[in-house]
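The following note sets out, point by point, how the parts of this assembly are arranged and where they meet. It is intended to be read beside the coordinates.

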Amino acid sequence: MTGRVHLYDIDNIDTDRIIPGKYTKTLDVSIFADHCLEDLDSDFKHKVQQGDVLVAGWNFGCGSSREQAPIALKVSGISVVIARSFSRIFYRNAINIGLPILETPDHTIADGASLEIDLESGKVYDGNTEYSASPLPQIMIDILNEGGLVSYLKKHRTYTF
Amino acid sequence: MSLWQIFNMGQTISEKILSAHAGYDVKAGELAIVNVDSAMASDTTAPLTLKAFKEMGGTTPWNSEKTIFVIDHASPAPNERIANLHKLMREFARKTNSVLYDEGVGICHQIMVEEQHVKPGQLVIGADSHTVTYGALGAFSTGVGSTDLAAIMLTGKTWLKVPESIKIILKGKPNPGVTAKDIILEVVGKIGLNGATYKALEYSGSTLEYLTLGDRMTIANMAVEMGGKTGIIETSGLELPYHFEPVLPDSDAEYSQTLTIDVSSIRPKIAKPHSPENVCDIDDVLGTKIDMAFIGTCTNGRLEDLQLAASILKGKKLATGVRMLITPASRNVLNHVMADGTMNILSEAGATFIPPGCGPCVGTHLGVPGNNEVILSTANRNFPGRMGNPNASVYLASPAVVAASALTGVITDPISMGKDK
C-alpha cells in the first residue's frame with residue numbers, strides 16, 4: 001500500500017489532542033472526523049484524505065484509554081499510524097479496531113512524503129530509505145489479520161496463542 | 001516446588017500476581033492469557049464496549065457480579081445524547097444483572113475500592129486509564145479500551161505482556177504541608193511521561209508507614225502519567241476492613257531500574273501547563289495568578305483531601321475573582337463532609353460543590369474554563385484541552401496548595417500560611 005504523510009513530529013501527542021473528551025460520548029463515531037486532532041492542527045480535517053498516513057514522535061496516544069482516539073483517526077481516513085513509540089493502551093486499541101500501527105524509532109520522514117508500506121513485513125519505504133518497524137507480537141498479528149478483535153473473537157470465541 | 005524456586009529466580013509483585021492469574025509461572029517479557037477478577041467500564045467507554053460485546057456475539061457477561069458499570073464521566077447527563085447512553089447502560093445492567101452505579105454514586109475508581117470490587121493480589125481491568133489506582137491495594141490493575149473490555153466480558157480473560165518493573169523506594173517522613181500528591185508529582189517529574197511505558201512501577205520503603213489508603217490511591221493513580229501499565233504499592237502498613245494475604249516481591253526479583261526518593265526533602269510540587277511531567281518546586285511558580293481552584297477527581301477528591309482544604313479555608317473567604325469547585329469522589333465522601341461540618345466550612349468560604357463524578361477534569365461539563373484562564377487543580381492531567389478549553393492553562397497540585405492559593409488568588413505555599421497537614 002502507499003500513502004501520503006501528515007507529519008506531526010511532536011512527542012506525547014495525547015488522546016485529548018487526538019479527540020477531545022467533550023466529543024467522545026457518542027456511538028455515532030463518524031462525527032469524530034470533524035474534531036480529530038483539532039487542538040493540534042485545526043486544518044487537519046480539511047487536509048486528510050482516505051488512505052493517508054499519520055507520522056508522529058515518541059509516546060503517541062498517551063493519556064486516556066479512550067478507543068475513540070484510534071477510531072477518530074480511522075474515520076478521518078488515516079490508514080496507518082507510524083510513530084517513534086506508542087503508549088500501550090493506544091497500541092492495543094488501534095490493533096483491536098483494525099488500525100495498523102508501526103513503531104519506527106529512528107524515522108526522518110518528511111511531511112507530504114509518499115510512503116510505500118508492507119504491513120506483513122513491517123517495512124516502510126520512503127524514497128531510497130527503508131525502515132523496519134518493531135515486530136508485533138503474534139497475537140496482535142492474528143487480531144489484525146481478522147480485521148480487529150471483534151471479528152477475531154466472533155471466530156475463535158476466546159484467545160488462543 | 002515451582003520452577004522459579006528450582007531456578008532460584010525471584011519474582012516482582014506483578015510477576016507473582018500475573019502468574020497466579022495465568023495458572024503457571026510467568027516472567028517479564030512473556031505474553032500470557034490471564035483470568036480477570038473484575039471488569040469495569042464508565043459512561044465514556046461502556047457504550048462502545050456494549051456495542052463491541054454484542055457484535056462479538058455476547059449476550060450475558062461471563063460473570064455478572066464481576067462486571068461493573070459506573071455513570072461518572074458525564075453525570076448527571078448534560079444533554080439528550082449522553083442521557084441515552086446512560087439509559088443504554090442501565091438497560092444492559094438490568095437485563096444481565098451486571099453491577100451498575102448510577103449518577104451521583106461517585107467516580108469509578110473510588111467506588112471500586114469503597115465497594116470492595118478489588119482486593120489485594122487481584123487482577124482488575126477497567127476501560128479507563130486510571131484503573132491503575134487499585135495498585136494502592138497491592139492489586140495489579142490496568143486500563144484498556146472498550147473492545148478489550150468487551151472481550152473480557154465475553155471470555156473472563158485478557159492477554160497481557162508481563163511487564164518489567166521499576167522499583168521506587170520512598171524513604172523518610174514527609175514534611176508538614178507535603179502530601180502524597182507532592183510525592184507522586186516528584187516521581188512523575190523524575191520518570192517522565194514516557195519513562196514507564198509498557199512497565200510496572202512497584203513502590204516500597206519506609207515512607208509507606210505514613211501513607212493512608214487514600215494517599216496510596218493518589219500515588220498509584222498517576223502511574224499511567226508515566227506510561228505505566230500499573231503502579232503497585234507494597235501493602236506493608238496498609239489497614240483494610242478485611243483480612244488479606246500480602247503479595248510481596250522476592251528479595252532477588254529483577255527490576256529494570258531502581259529509583260530511591262528521600263521524601264523528607266520534598267517541597268510542595270506543581271506540574272505546570274501543559275504536561276504532568278512538567279514538574280517544579282512550588283517556589284518556582286509562587287505568585288502565579290489563578291482564576292479557578294478545583295479540588296476533586298480520582299486523584300484527590302477523598303475525605304482527607306476535603307478535610308485538608310477545610311483546615312486551610314476555615315473561617316476565611318476565597319480571594320476576590322477566584323472561584324472554587326469541589327467534587328467529592330463519592331456519595332460516601334459527600335455524606336461524610338456533610339456530617340462532619342467540612343462542607344459548611346468550604347461552602348461558607350465560597351466554594352461551589354458539584355455532584356460526585358469526573359465532569360470538570362475531563363472537560364465534559366460543570367466547570368469548563370474560559371480562554372486564557374488559569375486553573376489550579378488536584379487532577380492528574382493538564383494536557384491542552386483537558387478541561388474542555390484548549391486556550392486555558394491547568395496547573396496540578398495538592399489539595400493543600402489549591403486551598404491556600406484559592407485564599408490568596410495566586411499560587412501559595414500552604415506552609416508559609418502557617419497551616420500543616
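1. Two residues are taken to be in contact if their C-beta atoms, placed from the backbone, lie within 7 Å. The model is a predicted one, and the points below should be read accordingly. Applied to helices H3 and H6 of chain B, this criterion shows B:Leu48, B:Thr49, B:Ala52 and B:Phe53 of H3(B) meeting B:Ser146, B:Thr147, B:Leu149, B:Ala150, B:Met153 and B:Leu154 of H6(B). Sorted by class, the residues of this contact are seven nonpolar and three polar, with no charged residue.

2. Two packed helices are described by the angle between their axes and the distance between the axes. The axes of H3(B) and H6(B), the latter covering residues 146–155, come within 8 Å and cross at roughly 50°. Angles of 65 to 115 degrees would count as roughly perpendicular and those under 35 as roughly parallel; H3(B) and H6(B) are therefore oblique to each other. Their crossing is right-handed.

3. H3(B), residues 46–55, also packs against helix H4 of chain B, residues 80–96, at an angle of about 50° and with the axes 9 Å apart. That angle makes H3(B) oblique to H4(B). Here H3(B) passes H4(B) in a left-handed crossing. From H3(B) the contact draws on B:Ala46, B:Pro47 and B:Leu50, and from H4(B) on B:Leu85, B:Leu88, B:Met89 and B:Phe92. The contact of H3(B) with H4(B) comprises seven nonpolar residues, no polar and no charged ones.

4. Chain B is divided into domain 1 (32–160), domain 2 (165–265) and domain 3 (271–408). Taken over C-alpha atoms, the centres of domain 2 and domain 3 of chain B are separated by 24 Å. Their contact involves 16 residues of domain 2 and 17 residues of domain 3. On the domain 2 side, helix H7 (180–191) and helix H8 (213–221) of chain B each supply at least two residues. The largest share of that side, six residues, belongs to H7(B). By class, the domain 2 side holds four nonpolar, eight polar and four charged residues.

5. Chain B contains an open sheet of four strands in the order S10-S9-S8-S11, with parallel pairing. Strand S10 (230–233) and strand S11 (257–262) of chain B are at the edges, each with a single partner strand, so one side of each has no neighbour in the sheet. From one strand to the next the twist averages 20°. Strand S8 (residues 165–171) of chain B runs parallel to S11(B) and is joined to it by six bridges; B:Ile166 stands opposite B:Gln257 in S11(B). Helix H2 of chain B, residues 13–22, packs on this sheet and touches S8, S9 (200–204) and S10 of chain B, its direction making about 105° with that of S10(B).

6. In chain A, seven strands form an open sheet in the order S4-S3-S2-S1-S5-S6-S7, and the pairing is mixed. Strand S4 (101–103) and S7 of chain A stand at the edges with a single partner strand each, so one side of each is left without a neighbour in the sheet. With direction ignored, neighbouring strands of this sheet are turned by 30° against each other on average.

7. Strand S2 (residues 53–56) and strand S3 (residues 80–83) of chain A run parallel and are joined by four bridges, with A:Ala83 in S3(A) as the bridge partner of A:Ala56. Strand S6 (residues 123–126) and strand S7 (residues 129–132) of chain A instead pair in the antiparallel sense over four bridges. A:Asp126 stands opposite A:Thr129 in S7(A). S6(A) and S7(A) form a hairpin with two residues between them, and A:Gly127 in the turn has a positive phi of about 60°.

8. How many residues of each chain take part in the contact between chain A and chain B? The contact takes in 37 residues of chain A and 47 residues of chain B. Helix H1 (15–18), helix H4 (88–96) and helix H6 (149–156) of chain A each contribute at least two residues to the chain A side. H4(A) provides the largest share of that side, five residues. The chain A side is made up of 13 nonpolar, 13 polar and eleven charged residues.

Definitions and conventions:
Residues numbered from 1 in each chain as written. Chains lettered and ligands numbered in written order. Predicted model: local features only at pLDDT ≥ 70, side-chain atom pairs only at ≥ 80, totals over all residues. Nonpolar A, V, L, I, M, F, W, Y, C, P; charged D, E, K, R; others polar. Domains from an automatic or database assignment. Pairing = 2+ DSSP bridges. Axes fitted to C-alpha atoms, helices over the stretch in contact; angles between N-to-C directions. Parallel < 35°, antiparallel > 145°, perpendicular 65-115°, else oblique. Left-handed = near helix turned anticlockwise from the far one by under 90°.
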